[in-house]
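The sequence and structure come first.

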Amino acid sequence: MILVVGLTIQCNGGVTSTYRRRMAASDDMPLNADVFQPPPGYNAPQQVHITQGDYDGSAVIVAWVTPSEVGSNTVRYGTSNTTLDMSAEGTVSQYKYFTYTSGYIHQCTLKGLQFGTTYYYSVEANGTARTFSFKTPPQPGPDSSYTFGIIGDLGQTFDSNSTLTHYKANTNAAALLYVGDFSYADNYPNHDNVRWDTWGRFTESSVAYQPWIWTFGNHELDFAPEIGETTPFKPVSNRYPTPYSASGSTEQYYYAVRRASAHIIVLASYSAYGSSNPQYKWLQTELKKVDRTVTPWLIVLIHAPWYNSYKSHYMEGETVRVQFEAMMVKYKVDVVFAGHVHAYERSHRISNIGYNITNANCSPVSNNNAPVYITVGDGGNMEGLSTE
């Protein structure tokens, strides 16, 4: 899905793309698939990915893996692909999950970048350097038009490959809003983390060149006490950083960024969300910071949808909705994107904030101050589409 912000247009809806997912579930691609192959060169950097690195878009977090040795933590970068005259130092870490030990995971933040500028960057290990590029967004402002892609529940099947190929063919998209469920490694015995590596190599062809704004889903939990793994989100939290501290969040799973004319708030379906919990209090504070004269678009990302007409995952987001929906209406959020349900669904502007446990007002009603709710959990994963 593609979202263009900074433009106000009227349209009649209708068919917006000829692209169609097939109904049948797809198998994961085999480990020897070409999109999973590591780059040439001993210990060459792989699984390169970027995300926004600060609140307003003048920083980028670069992350990558070296499989055999630490290699270098340095990112060289510049505005010419022939002169990488700046550098930044990162950090390196590893994690263990059951019998799996990760490669060396590097993370480095490039700060003080100019808005609306193309940068080239290079990561290197053991004599093999790989160079990529990205373009920073325009400075936040009401006239800063920008195009986002939106994907959820991608996985790494043959259909996933079709989805990503289709997305990359749209050359207007400058950043991607990812609404959760990454690799589906947890569907394998013992949550085989090799499938985190293959997913990182698979998605590199896009996410090394434009930032993906991460939302975390249930398939990232990787909570498996039966094999001694009791730390939720261990693989994803080690691999996929977010700029959470820039917005005053205390967890990487919920945070906010401003990008061009959009203020984007990422919420966590699987972190505590009660009124006495940090996420709730953080959201109250963040919404007060929204300045519609600078960022007229207010977009919320969450994994589990609050409105869903499918049997699949029906009402799973209800308790989060009860806590947060009134704030969405109060601050006139434009759109809430979700995944989780493997289908596409779009609502009118509706709310259910009149409901409480003691009355019978339990049906959504039209509300022009409420968001449009859009579910895009049909990215292609092995579990197939929701059809009922």
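## Strands, sheet and helix packing

The model is predicted: local features need pLDDT of at least 70 and side-chain atom pairs count only at pLDDT 80 or more, while totals for chains, interfaces and linings use all residues. Residues are numbered from 1 along each chain as its sequence is written, and side-chain values use heavy atoms, leaving out hydrogens and water. Helices (H or I, at least four residues) and strands (E, at least two) are DSSP runs numbered from the N terminus.

Strand β2 spans residues 46-52 and includes Gln 46. Gln 46 counts as buried because its relative accessibility is 6%. Contact means heavy atoms within 4.5 Å.

Two strand pairings are tabulated below; strands pair if DSSP finds at least two bridges between them.

| Strands | Sense | Bridges |
|---|---|---|
| β2 and β3 (residues 60-66) | antiparallel | five bridges |
| β1 and β12 (residues 146-151) | antiparallel | four bridges |

Ile 50 has Val 62 in β3 as its bridge partner. In the other pairing, Ile 2 stands opposite Gly 149 in β12.

An open sheet of four strands runs in the order β1-β12-β13-β14, with mixed pairing. Its edge strands, β1 (2-5) and β14 (212-214), each pair on one side only. Neighbouring strands of this sheet are turned by 30° against each other on average, direction ignored. Axes are lines fitted to C-alpha atoms, for helices over the stretch in contact, and angles run from 0 to 180 degrees between N-to-C directions.

Helix α1 (residues 158-168) lies across β1, β12, β13 (175-178) and β14, at about 175° to β12. Helix α2 (residues 194-207) also packs on the sheet, where α2 touches β13 and β14 and makes about 130° with the direction of β14.

The axes of helices α4 (residues 278-289) and α5 (residues 318-330) come within 11 Å and cross at roughly 5°. The two helices are therefore roughly parallel to each other (angles under 35 degrees). Gln 279, Tyr 280, Leu 283, Gln 284 and Leu 287 in α4 meet Gln 323, Phe 324, Met 327 and Met 328 in α5. The residues of this contact comprise six nonpolar, three polar and no charged; Ala, Val, Leu, Ile, Met, Phe, Trp, Tyr, Cys and Pro count as nonpolar, Asp, Glu, Lys and Arg as charged, and the others, Gly among them, as polar.

Note on methods: Parallel < 35°, antiparallel > 145°, perpendicular 65-115°, else oblique. Buried < 20%, exposed > 50% of the residue type's maximum accessible area, 1.4 Å probe, protein only.
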